[in-house]
Amino acid sequence: MFAFALPMASEEGGFIPPTVHDTHLPEIFPWAAEYGTGFGKQMLMIALSVVLISWFFTTAIKNPKLVPGKMQYLAESGYAFVRNGIGRDIIGEKNFRPWIPLLFATFFFVLLNNLFGAIPFLQLPSFSHAGSAYAMAIIIYGTWIAVGLKNHGIRYFKLAVTPPGVSPVMLILLVPLEIISNFIVRPLTHSLRLMATMLAGHIIVMLAASGARYLIVVQDQLALNGVGVLVIVGYVAMYFLELLIMVLQAFVFTLLTAIYIQGAIEADAH
Amino acid sequence: MNSTDFILAAEESVNPLLPNPWEILATGVGFAVLLFIVIKVIAPKFEQAYEDRVTAIEGGLEKAEAAQKEAEETLAQYKAQLLEARTEANRIREEARSEGAQILEDLKTKATDEATRISEQAQRQIQAERVAAQASLRTDVGTLATELASKIVDEALKDDARAQHVVDRFLNDLESQQSAGASN
């Protein structure tokens, strides 16, 4: 259908696929010089997420009941999911308690900011912007290195890059690999995985929306208008897939955080 | 969007991997604020609620278990008491029955003894009376015979008719005396 539509489009000005550029909306306070580098909608949404998460959980647990109401039950389920499902299962019964707040904040911060991409008008997952993903990854990176140093001293770096039970010859090969994988690739994959999935989801939304608009509004042929409707139908399926990915990525991001912290705490245990 | 936008966008060609420093700052600060609130308020409250619930549920279960145990003990006690009471009642009933039978037996024996005693006494009395009567009769008959003999002798000397008369009178006396004695 595109092959049929595009030649015509080129004559009439044509269909312009959305670009990454479009994920950067105009700034509200453009005090940074370059376009796309000021204070914009994305940062407002970060602030909004902080307010919403704080409000929801403090309100839900303000007067805790033994038999919880709907709101308290929902909040407690979320809390218990992170506390037991991620924290206790990964970090372990002995050490997980101090890390509950970090994991909790990480999970719901990422989750809500991802879900912003599925809410009309907001319609932008905050972590489709690399800066936010980098910020989170840097915080987590700094945290688990600090944990390792606190638990094992400077020896931590040796423990982290030398797998036990490996012959010295292999160590010559493995140590550089471990250094690259643990200290360079790990924070990059941690952040880029989140950012790329969110950006891809967002681009799909933009593509479907602009494509459907182009097919329905700009094109005159009834058949093409019908295809536009089909695009919208297909988009609904994509929307639910995106919802799943948003939740999944928030879970994965938090799970990896827990795994990194666990690895730092028990660097000498493996 | 129009074609000029597209061209502009293509010219600028934003690299999605290059971060906006403001976004890093905003996300970092936002997350720090959220983490602070979670550490200070949210996490302690949820942990507290969780602890409270665990305590309440465990306490409730223990209480229920204790109550159950107590109830079972009481029931067992009651059953034991009931059994005891039944046994006691049976025992008492048996006792009463045997006691009643005993009493009846005793009474019968006593009554028989009494009857025997009374009849023996009566026999003895009759015997004694008869002995006494015989003794008295023997004395009386002797006396009467002597008297009669003296009278007969006395009368015979005077008159046959008279003698006859005396004899009749004596017999009459004797008869009347005898009937009086019998009536006695």
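Me: A crossing is left-handed if the near helix is turned anticlockwise from the far one by less than a right angle, and right-handed if clockwise; which hand has the crossing of α3(A) and α4(A)?

Reply: The crossing of α3(A) and α4(A) is right-handed. Keep in mind that this is a predicted model, in which local features need pLDDT of at least 70 and side-chain atom pairs count only at pLDDT 80 or more, while totals for chains, interfaces and linings use all residues. Residues are numbered from 1 along each chain as its sequence is written, and chains are lettered from A and ligands numbered from 1 in the order in which they are written.

Me: How many helices and strands are there in chain A, and how many in chain B?

Reply: Helices (H or I, at least four residues) and strands (E, at least two) are DSSP runs, numbered from the N terminus. Chain A has eight helices and zero strands, whereas chain B has three helices and zero strands.

Me: What share of each chain is made up of buried residues?

Reply: A residue is buried if 20 or more other C-beta atoms, placed from the backbone, lie within 10 Å of its own, exposed if 12 or fewer, and partly exposed in between. By that count, 35% of the 270 residues in chain A are buried, and for chain B the figure is 8% of 184 residues.

Me: How do I compare the length of a helix with what is expected, for instance in α3(A)?

Reply: The expected span is 1.5 Å times one less than the number of residues. Helix α3 (residues 70–91) of chain A has 22 residues and reaches 30 Å from its first C-alpha to its last, close to the expected 32 Å. For α5(A), with its 23 residues, the span should be 33 Å, and the end C-alpha atoms are 32 Å apart, which agrees.

Me: Which residues of α3(A) are buried?

Reply: An α-helix has 3.6 residues a turn, so residues three or four places apart point the same way. The buried residues of α3(A) include A:Ala75, A:Tyr79, A:Val82, A:Ile86 and A:Ile90.

Me: At what angle do α3(A) and α4(A) cross, and which residues meet there?

Reply: Axes are lines fitted to C-alpha atoms, for helices over the stretch in contact, and angles run from 0 to 180 degrees between N-to-C directions. The axes of α3(A) and α4(A) come within 10 Å and cross at roughly 115 degrees. Two residues are in contact if their C-beta atoms, placed from the backbone, lie within 7 Å; here A:Gly78, A:Tyr79, A:Val82, A:Arg83, A:Ile86 and A:Gly87 in α3(A) meet A:Ile100, A:Leu103, A:Phe104, A:Phe107 and A:Phe108 in α4(A). For the classes, Ala, Val, Leu, Ile, Met, Phe, Trp, Tyr, Cys and Pro count as nonpolar, Asp, Glu, Lys and Arg as charged, and the others, Gly among them, as polar. This contact has eight nonpolar, two polar and one charged residues.

Me: How does α3(A) pack with α8(A)?

Reply: Their axes are 8 Å apart and the angle is about 30 degrees, in a right-handed crossing. Among the residues that make the contact are A:Ile86 and A:Ile90 of α3(A) and A:Ala258 and A:Ile261 of α8(A). By class, the contact has nine nonpolar, three polar and no charged residues.

Me: Which residues have the most contacts inside the largest nonpolar core?

Reply: A nonpolar core is a set of buried Ala, Val, Leu, Ile, Met, Phe, Trp, Tyr and Cys residues joined through C-beta atoms within 7 Å. The largest one has 62 residues, and those with the most contacts inside it are A:Leu103, A:Phe104, A:Phe107, A:Val110 and A:Ile261. Its largest share, 11 residues, comes from α4(A). Not counting residues up to four places away in sequence, A:Ile261 touches A:Ile91, A:Trp99, A:Thr143, A:Trp144 and A:Val147.

Me: Why does A:Asn225 count as partly exposed?

Reply: A:Asn225, which lies in helix α8 of chain A, counts as partly exposed because it has 16 C-beta neighbours inside 10 Å. Leaving out residues up to four places away in sequence, A:Asn225 touches A:Leu215, A:Ile216 and A:Gln219.

Technical notes:
A crossing is left-handed if the near helix is turned anticlockwise from the far one by less than a right angle, and right-handed if clockwise.
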